Amino acid sequence: MTRDIRKITARCALAAMACSAMLWQSCRHDVVVDYPTGEKPTGSKPDEVEQGEPIGFYLLDEGNMGMNKAAIDYYDYSTGEYTRDIYLQANPDAVMALGDVGNQIAINGDRLWAIINCSNKVEVMRSSDCRRVGQVDIPNCRHMAFHGDYAYVTSYAGPVLIDDNYNQLGYVAKINVNTLQEEARCIVRFQPDGIAVSGGRLYVANSGGYRPNNYEKMMSVIDIASFTVEKEVELGVNLNLVAADPEGKIWVSSRGDYYDVEPSLYCYDPATSTVVKTFSTDASSMWMDGDLLYIVGCPFSYETMSAEPSFSVIDTSTLTMLQSGWEGAAEFDKIKVPYCVAVDPARGDIYITDAGNYVNPGYLYAFGADGSFKWRQRTGDIPASIAFLYDQPQ
């Protein structure tokens, strides 16, 4: 399952053609360092990495649903080396490797957390070397956010099933980061996806993604202290991602219905309990860097059976679109399906992944802050999420 289960139907024909060629790889356990000819990254020297700056990053490969191909890659700034499937290298005895469908990766303190959606677990590792610490079993888990000693994880709760009469409400799990024990659950609405923390509250995007004729429109607002739903805010259909800006405003993406309702991005101000701005843009992935919100998208339409890659930057302090469309090196035009965006907080480099045809390995593109092309690297299947590693716990 990728960002929304209905997207699977749009590419099922392509997957069917590739299936026979890919089946033999479904349980592959390869660990390689791969640089396409002439594309090896050039890293910083160790003495150029200052205290408190990123020293590398982990990339979570989603993998194809049912293929058990989720993987974690690592890029080391000091050597410029990109290592594929570092999880298996660090955990050679792991049963079924990392698992099935990686949704999100994040670092909290000295721990690396990865949501493995269809394996119904959150994998927890040491951030220093990706060595496994333990796991938390959560059915159909989707996204996570951290606050204090707790991780908050959204869960669809029920099985992967398209059904307008789906009756299993989702929830947010409260996990103690020290004991890795789930301590409480807060019931929300159908198929909750993105989650963000701001001002003592959790903001949860309910999608209703399994109910295509009854998509959700509500964002749940959870009071962290009582861990109860404080209120619900009506936004757009099929909500997806959530991000909080430095001023406390909440940014929520809507996928639309893939037919008549176009994707949108909403800016909600908790101080006034109002939507202060709406942008007509798709946000398949968002990254907040200070007061700049970087966005990539590739909105799919069942009417045209096509998708158009997009890139934009929003100044969250002024609510203005600074950039609509890529303004940089022509290599961006080679990206077929921009799937993830991340920005190095120290260097300003922009990383964008390409899911390609969803069934073969994707690519990671590195651009400078000015949009200049730096390098490209082959990844695992469907590179989905990036987490920066710092030289001291953050």
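Planes under 30 degrees apart count as stacked, over 60 as edge-to-face and the rest as tilted.

Select Tyr-150 and Tyr-152. With ring centres 6.5 Å apart and planes at 45 degrees, this pair is tilted. Tyr-152 is buried, at a relative accessible area of 1%; buried means under 20%, exposed over 50%, and partly exposed in between (1.4 Å probe, protein chains only).

The model is predicted: local features need pLDDT of at least 70 and side-chain atom pairs count only at pLDDT 80 or more, while totals for chains, interfaces and linings use all residues. Residues are numbered from 1 along each chain as its sequence is written, and side-chain values use heavy atoms, leaving out hydrogens and water.

Next, select Trp-326 and Phe-367. Their ring centres are 4.6 Å apart and the planes stand at 55 degrees, so this pair is also tilted. Trp-326 lies in the loop between β25 (320-324) and β26 (338-343) and Phe-367 in strand β28 (residues 361-367), so the pair ties together parts that are 41 residues apart in sequence. Strands (E, at least two residues) are DSSP runs, numbered from the N terminus. Both Trp-326 and Phe-367 are buried.

For a group of rings, select Phe-57, Tyr-75, Tyr-77, Trp-287, Tyr-351, Trp-375 and Phe-388, which form one aromatic cluster.

Two arginines come next. Arg-211 lies over the face of Phe-190, 3.9 Å from the ring centre, and Arg-376 over the face of Tyr-363, at 3.8 Å. A charge sits over a ring if NZ of Lys or CZ of Arg is within 6 Å of the ring centre and within 35 degrees of the ring normal.

Now show residues 192-198 and 228-234: these are β12 and β15, the edge strands, each pairing on one side only, of an open four-stranded sheet in the order β12-β13-β14-β15 with antiparallel pairing. Two strands pair if DSSP finds at least two bridges between them. Inside this sheet, β13 (residues 201-206) and β14 (residues 218-223) pair over five bridges; Tyr-203 has Val-221 in β14 as its bridge partner.

Finally, go to the open sheet with the order β16-β17-β18-β19, also of four strands with antiparallel pairing. Its edge strands are β16 (239-244) and β19 (274-279). Strand β18 (residues 264-269) pairs with β19 in the antiparallel sense over five bridges. Select Tyr-266 to find its bridge partner in β19, Thr-278.

Definitions and conventions. Phe/Tyr/Trp six-rings, centres within 6.5 Å; stacked < 30°, edge-to-face > 60°.
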